[in-house]
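Me: Please take a close look at one part of this model: the nonpolar core and the aromatic rings that go with it. I would like one connected account.

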Amino acid sequence: MKESKFKLKYGKYPFYIHCDPLFENTAYPTHSHGLNDKGWPEFMIDPLAFGPEGNGSHINAAYDYFKKSRRKKILHKILKGVTVEVPINKLHKKWDEPPYYTICFRLVPNTFEAVKQAYDPNNEGVDPDLVVVQIYVKGDDYALEDGYYEGGVTW
């Protein structure tokens, strides 16, 4: 963690989140960068799921949730191909009255359209060693399909 000249601390997370500002009514998935360098999967979420700020908080919450030693086993299950469901209030413990959502996590291949949009914006090819876990709301099955992301997600 770095310290600023004003004695403020910043850099709580070992990654940054790339959010799309929804230019021209299209968007690409909100996603992390830097986790693969630390031996973790990157996290990615549908750009319209909760909006850039909410998506960012879900990525941060997912990291916080899985970094606890007893939950690393759950992350390993995901990396072996198991889809894991977590109630949103388990991710956001301090949220007073969270809506009832079940958040799902699944490993996605590098050929998934959302991965290509998020991690290969110049069409140079996705890093074959890139590991990505998709975050989605249970029941939002359109977020699981390549066609939803083709050409950018539209309003």
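Reply: What follows goes from the core to its rings, and then to a few other contacts.

The model is predicted. Start with the largest nonpolar core. It has 23 residues, and Phe43, Phe66, Phe105 and Ile135 touch the most other members. Helix 1 gives the largest share, 6 residues.

Now take Phe105. Leaving out residues up to four places away in sequence, Phe105 touches Phe43, Ala62, Phe66, Ile78, Val82, Thr83, Val84, Val86, Leu91, Val133, Gln134 and Ile135. Apart from the core described above lies another one, of 16 residues. Its members include Phe112, Ala114, Tyr119 and Ala143.

Next, the rings. A pair of aromatic rings is described by the distance of the centres and the angle of the planes. The count comes to 11 aromatic pairs. One of them is Trp40 with Tyr63. Their ring centres are 4.8 Å apart and their planes stand at 45°, so this pair is tilted. The pair links distant parts of the chain, 23 residues apart. Trp40 is in the loop between strand 5 (30-33) and strand 6, while Tyr63 is in helix 1. Trp40 has 14% relative accessibility, so it counts as buried. Tyr63 has a relative accessible area of 12% and is buried. The cut-off for buried is under 20%.

Phe66 and Phe105 make another pair. Here the ring centres lie 5.0 Å apart and the planes are at 85°, so the pair is edge-to-face. Phe66 lies in helix 1 and Phe105 in strand 8, so the pair ties together parts 39 residues apart in sequence. Phe66 and Phe105 are both buried.

Back to Trp40 and Tyr63. Together with Tyr13 and Phe15, they form one aromatic cluster.

Two side chains remain. The charged end of Arg106 sits over the ring of Phe112, 5.2 Å from the centre of that ring. Phe112 is also among the members of the 16-residue core. Glu113 is found in helix 4 (residues 113-119). Its relative accessibility is 16%, so Glu113 counts as buried. Not counting residues up to four places away in sequence, Glu113 touches Asp146, Tyr149 and Glu150.

Terms used: Residues numbered from 1 in each chain as written. Predicted model: local features only at pLDDT ≥ 70, side-chain atom pairs only at ≥ 80, totals over all residues. Heavy atoms only, no water. Core = buried A, V, L, I, M, F, W, Y, C linked by side-chain atoms within 4.5 Å. Buried < 20%, exposed > 50% of the residue type's maximum accessible area, 1.4 Å probe, protein only. Helix = DSSP H or I, 4+ residues; strand = E, 2+ residues; numbered from the N terminus. Contact = heavy atoms within 4.5 Å. Phe/Tyr/Trp six-rings, centres within 6.5 Å; stacked < 30°, edge-to-face > 60°. Lys NZ or Arg CZ within 6 Å of the ring centre and 35° of its normal.
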